[in-house]
Amino acid sequence: MNTILYVRWSSAEQSAGSSKVRQLERCREHASVRGWKIVEEIIEEGVSAFTGGHRRAGKMSHIQARIEDGEFKDGVVLLVENLDRLSREEPKKVFTWLEQITSLGVIVATVEGDRQYRQDNLDMATIIELVVKADLAHRESLKKSERITASWDDKRARILAGENVILTSRAPAWLLVGEGRKGFKIIADRAQVVVRIFEETAQGFGKHHIARRLNEEEVPTFGKSQAWHASYIQKILNNVAVLGEFQLGKKSGSGKRSLVGDPIKNYYPAIISADLYARARVSMQDKARLNMGQGRRLANLFSGLAYCAGCGAKMTLRSKGQKKRADSRVVYEDYLVCDAMQRGIIQDHGGKCKNNVRFNYSSVEQGVLNAILSDAVGDAHFAAPRQAANIAHDCAIAKLELERLRARADSALETHISMRREETLEKYKKMIELFDAQEGLIAHLNASLVQARGAVSPDEHAKRIEVLRNEIHSSDENVRFPARSIVRVAISELVEKMSFHHKARRVGIRFKSGVRTVVIDAKTTSIALDFYVSGRRLSREGLSPRQLRTIKGVLQKGLAARRSARREDT
């Protein structure tokens with residue numbers, strides 16, 4: 001049986017190294033004894049399962065997505081040391097998740113207790129066992145969280161009382177923690193860069209301009225990145241540590257950081273004056289007013305997919321704000337541009353990218369959606385996962401109650417057969433009524449579950465695609481944002497890469513399946529090419545020499561990829 005090992009430990013564990021080794025050794029030995037073939041080992045380092053963040057954004061979320069996509073059609077064993085490596089959430093959430101993943105053919109196995117959880121063995125005894133284990137793990141994590149919070153509160157109180165206490169060994173990129181964790185030392189050259197960023201911002205320069213200048217001057221970055229990014233400039237500008245202040249924060253279950261209490265003043269050495277900080281903030285606010293009112297537009301549906309065909313850099317969205325057309329329509333002037341060209345990055349060959357075309361975003365979006373929207377969006381994208389999970393849990397509990405009612409009804413019938421009394425007959429009839437009502441409840445829950453999972457007829461699906469197409473341009477933010485979110489996820493699941501060609505102003509779309517390629521004319525929004533790579537011959541009638549060369553190149557790449565895959569299989 002193919003087996004995936006999942007190893008996880010939280011950042012709060014002190015013996016992370018030994019934890020990793022121990023978990024791997026125990027899981028490998030367990031799989032070997034049972035003759036299971038380990039096909040993958042997944043390490044989730046420094047991630048807590050207390051809030052479920054690992055299932056929403058960690059490697060566990062990727063495992064679940066692969067399972068839901070049908071990658072393991074013949075089944076797979078998900079092997080862990082203990083059940084709490086998978087989750088330390090509330091028992092209800094643990095049971096709901098386990099029921100959902102086992103329903104997809106997965107066997108969840110634990111080394112501890114030599115347990116295997118399948119869809120067909122989640123009986124009452126197993127459920128009670130799961131609830132008890134999950135409750136113990138959750139309570140343990142809750143106590144640990146409370147101890148850590150109390151420790152931070154104590155350190156904060158000591159600082160406010162005047163003690164020289166270093167809360168954490170982490171420091172801003174322009175500072176180093178002193179020896180013996182006493183105070184901080186300023187990294188002079190980095191501090192100068194930070195001061196320059198604030199000064200240029202106060203002068204009216206934008207974050208994209210500042211990043212471009214730093215890259216052109218080859219100013220070293222603060223981290224592993226090879227180039228400066230506007231997002232990092234923004235991060236520096238928002239950091240109150242430049243004033244010497246330390247702001248405590250707390251991450252929620254979704255991973256979003258929220259502020260806790262007031263900033264602690266004079267914690268770090270200040271590297272800019274309050275006056276410069278204030279002038280930079282005013283300048284940033286003036287720029288922000290130009291783009292206010294946009295709301296949550298989720299403007300770029302192709303984030304992470306669009307690349308320059310010339311240099312391979314990402315295509316980034318640049319917004320020029322709202323414009324009023326001659327027909328009184330208010331539109332957004334958004335463009336996709338080559339990030340490397342925009343930031344003036346020098347390529348390996350010594351020159352800059354020549355792709356200086358600004359691709360009109362609305363035209364590209366219209367052309368792409370015309371070509372692939374109906375293929376990209378399926379039933380699953382209209383599903384309500386949280387609602388479906390809750391209904392599935394309620395349905396499971398209802399089925400357990402049905403089993404109890406059946407047993408009680410059988411017992412009541414046996415009692416009546418032996419005693420032949422009126423009251424025993426009435427009790428049996430009452431149990432049958434309750435049993436019938438429970439079956440009706442289960443039927444209703446099953447119907448609701450199908451609806452929550454988004455399953456409809458082809459005609460209904462076509463209608464909701466049309467509605468979705470209208471909603472992504474709605475003026476109502478509460479309608480537009482969810483619709484664009486659905487489309488963005490659907491496209492990212494279908495498309496592997498979008499290449500922007502500056503000479504012909506065309507956009508090539510390569511599908512993850514590798515069997516289809518679409519080329520969009522960015523000027524007319526029309527489909528220039530749409531063909532499938534398959535065993536049959538493609539019609540060449542009416543195609544230009546450029547189109548024929550494009551098809552030939554795609555076919556050759558597809559053939560090479562298939563040959564490479566066959567060599568790997570052998």
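How many bridges pair β1 and strand β2, and in which sense, parallel or antiparallel? The legends below take this up in a predicted model.

**View 1. Strand β1 beside strand β2.** The pairing of β1 with β2 (residues 37–45) is parallel and runs over 8 bridges. Look for L5, which stands opposite E41 in β2. Then find V7, whose bridge partner in β2 is I43. Strand β1 itself spans residues 2–9. Of its 8 residues, 7 are buried, so β1 is mostly covered; buried here means under 20% relative accessible area.

**View 2. Strand β1 beside strand β3.** β1 also pairs with β3 (residues 76–80). This pairing is parallel too, over 3 bridges.

**View 3. The open sheet of 5 strands.** Trace the strands in the order β2-β1-β3-β4-β5. Pairing in this open sheet is mixed. The edges are β2 and β5 (115–117), and each of them pairs on one side only. From one strand to the next, the twist averages 25°.

**View 4. Helices on the sheet.** Helix α3 lies across β1, β2, β3 and β4 (106–110). It runs at about 145° to β2. Helix α4 packs on the sheet as well, where it touches β3, β4 and β5. The direction of α4 makes about 130° with that of β4.

**View 5. Helix α3 meets helix α4.** Here are α3 (residues 59–68) and α4 (residues 91–102). Their axes come within 10 Å and cross at roughly 40°. From α3, the contact is made by M60, Q64, I67 and E68. From α4, it is made by W97, Q100 and I101. Sorted by type, the contact residues are 4 nonpolar, 2 polar and 1 charged.

**View 6. Q438 in helix α13.** Q438 sits in α13, which covers residues 422–452. Is this residue buried or exposed? Q438 has a relative accessible area of 12%, so it counts as buried. Set aside its neighbours within four places in sequence, and Q438 is in contact with A398, E401, L402 and L405.

**View 7. The whole protein.** Step back to see 16 helices and 17 strands. The protein has 570 residues, and 39% of them are buried. It exposes about 32,700 Å², with carbon and sulfur atoms supplying 50% of that area. Take the contacts between residues at least 6 apart in sequence: 59% of them join residues at least 24 apart.

Key:
Residues numbered from 1 in each chain as written. Predicted model: local features only at pLDDT ≥ 70, side-chain atom pairs only at ≥ 80, totals over all residues. Heavy atoms only, no water. Axes fitted to C-alpha atoms, helices over the stretch in contact; angles between N-to-C directions. Helix = DSSP H or I, 4+ residues; strand = E, 2+ residues; numbered from the N terminus. Contact = heavy atoms within 4.5 Å. Nonpolar A, V, L, I, M, F, W, Y, C, P; charged D, E, K, R; others polar. Buried < 20%, exposed > 50% of the residue type's maximum accessible area, 1.4 Å probe, protein only. Areas by Shrake-Rupley, 256 points an atom, 1.4 Å probe, with all protein chains shown as cover. Pairing = 2+ DSSP bridges.
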